[in-house]
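Have a go at each task before you read its solution.

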Amino acid sequence: MNVYHKITLEGELKYSDINFSVFLQVSSKHNLLRYDIETNGERLTEIERLKLLKMGINQFAETRVYETFLEFREQCIDATLEDYYTVLSKELSYDIIKDKLYEFEILTTEVELRHAS
């Protein structure tokens, strides 16, 4: 298994009753992307784990897509969805990348149509 990132989720726990370190681990095994919550042996309910997993993936995706946007902008690259996918494909799924690009309005439908033609 290749571990790409291990990210602390302390901010997400600020208003919860969880008082131990929780991490989002991004890895791949056999070319399949995997996200998991690591608690260093502490127990979470399934609901807590799923909520933290969802929040962690969202936070990770927002961070990686925006970092990549800044890198492209710094290099004066007018990047397409495929360019973002090429850079981020080992860390994020195509749908997550696409959703975040549209959410941040980095890409719009008219930009994608212009690049497709």
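**Exercise 1. Work out how strands S2 and S3 pair and how the sheet is put together.**

Strand S2 (residues 23-29) and strand S3 (residues 32-38) run antiparallel and share 7 bridges; strands are DSSP runs of E with at least two residues, helices are runs of H or I with at least four, and both are numbered from the N terminus. Two strands pair if DSSP finds at least two bridges between them. Ser-27 has Arg-34 in S3 as its bridge partner. There are 2 residues between the strands of this hairpin, and His-30 takes a positive phi near 55 degrees.

A quick note on the source: this is a predicted model, in which local features need pLDDT of at least 70, side-chain atom pairs count only at pLDDT 80 or more, and totals for chains, interfaces and linings use all residues. Residues are numbered from 1 along each chain as its sequence is written, and side-chain values use heavy atoms, leaving out hydrogens and water.

S1 and S2 pair in the antiparallel sense over 6 bridges, and Ile-7 stands opposite Leu-24 in S2.

Now put it together: 3 strands form an open sheet in the order S1-S2-S3, with antiparallel pairing. Strand S1 (2-8) and S3 are the edges with a single partner strand each, so one side of each has no neighbour in the sheet. From one strand to the next, the twist averages 20 degrees. Finally, H1 packs on the sheet, where it touches S1, S2 and S3, and its direction makes about 120 degrees with that of S3.

**Exercise 2. Describe how helix H1 meets helix H2.**

First, the geometry. The axes of H1 (residues 46-74) and H2 (residues 81-88) come within 11 Å and cross at roughly 115 degrees. Axes here are lines fitted to C-alpha atoms, for helices over the stretch in contact, and angles run from 0 to 180 degrees between N-to-C directions. That makes H1 roughly perpendicular to H2 (under 35 degrees is roughly parallel, over 145 roughly antiparallel, 65 to 115 roughly perpendicular, the rest oblique).

Then the residues. Arg-64, Val-65, Thr-68, Phe-69 and Phe-72 in H1 meet Asp-83, Tyr-84, Val-87 and Leu-88 in H2, where contact means heavy atoms within 4.5 Å. They divide into 6 nonpolar, 1 polar and 2 charged; Ala, Val, Leu, Ile, Met, Phe, Trp, Tyr, Cys and Pro count as nonpolar, Asp, Glu, Lys and Arg as charged, and the others, Gly among them, as polar.

**Exercise 3. Find how helix H3 packs against H1 and against H2.**

Take H1 and H3 (residues 94-103): they pack at an angle of about 70 degrees, with axes 10 Å apart. That makes H1 roughly perpendicular to H3.

Now H2 and H3: the angle is about 130 degrees, with the axes 10 Å apart. That makes H2 oblique to H3.
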